[in-house]
Amino acid sequence: MPSAEEITAQGKAAFAKFDTNGDGGLDKDEAREFFRAAVEQHGGAFDEDKYQAAFVKMDTNGNGNISVEEAVAWLLSVAQAKGILE
C-alpha cells in the first residue's frame, strides 16, 4: 500500500505532466487526462460522467481550475476511500 507521501509525490509528478500549458492549474481538458490516468493506473475504465463528478469534487474553490493541492487532496481522498492508503 502506498503512503500519503508516495501518493502526494506521484500526484505532483502527474499534475506537472498534465499541466501542458504550464500555468500551474489544470483546466477541464488537462484535468480529464489527469483523471483518466489515475483511473486507468488502477485498472479502471474512463467514464465521462464520473470525470465530471470528480472535477466538481476536485475543484474545491469552484474556480474552474484544479490546483496541485486540490489534485493531491482528491487523490488522497480516493485512496483512503478505497482502502489503499497506508
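Reader: Thanks! Is Glu-33 buried, partly exposed or exposed?
Author: Glu-33 counts as partly exposed, because its relative accessibility is 32%. Buried means under 20% relative accessible area, exposed means over 50%, and partly exposed is in between (1.4 Å probe, protein chains only).

Reader: Good to know. What should I keep in mind about the model itself?
Author: It is a predicted model, where local features need pLDDT of at least 70 and side-chain atom pairs count only at pLDDT 80 or more, while totals for chains, interfaces and linings use all residues. Residues are numbered from 1 along each chain as its sequence is written, and side-chain values use heavy atoms, with hydrogens and water left out.

Reader: Okay, back to Glu-33. Which residue does it form a salt bridge with?
Author: That would be Arg-36, with the closest N and O atoms 3.2 Å apart. A salt bridge here is a side-chain nitrogen of Lys or Arg within 4 Å of a carboxyl oxygen of Asp or Glu.

Reader: What about Asp-29, which side chain does it meet?
Author: Asp-29 meets Arg-32 in a salt bridge, at 3.0 Å from N to O. Both are in helix 2 (residues 28–41), three residues apart.

Reader: Are Asp-29 and Arg-32 buried or exposed?
Author: Asp-29 is exposed, with a relative accessible area of 52%. Arg-32, on the other hand, counts as buried because its relative accessibility is 17%.

Reader: Which other salt bridge involves Arg-32?
Author: Glu-48 forms one with Arg-32, and their closest N and O atoms are 3.0 Å apart. This pair links distant parts of the chain, since Glu-48 is in helix 3 (residues 48–58) and Arg-32 is in helix 2, 16 residues apart. Glu-48 is partly exposed, at 31% relative accessibility.

Reader: New topic: what does Arg-32 touch?
Author: Leaving out residues up to four places away in sequence, Arg-32 touches Phe-46, Glu-48, Tyr-51 and Gln-52. Contact means heavy atoms within 4.5 Å.

Note on methods. Helix = DSSP H or I, 4+ residues; strand = E, 2+ residues; numbered from the N terminus.
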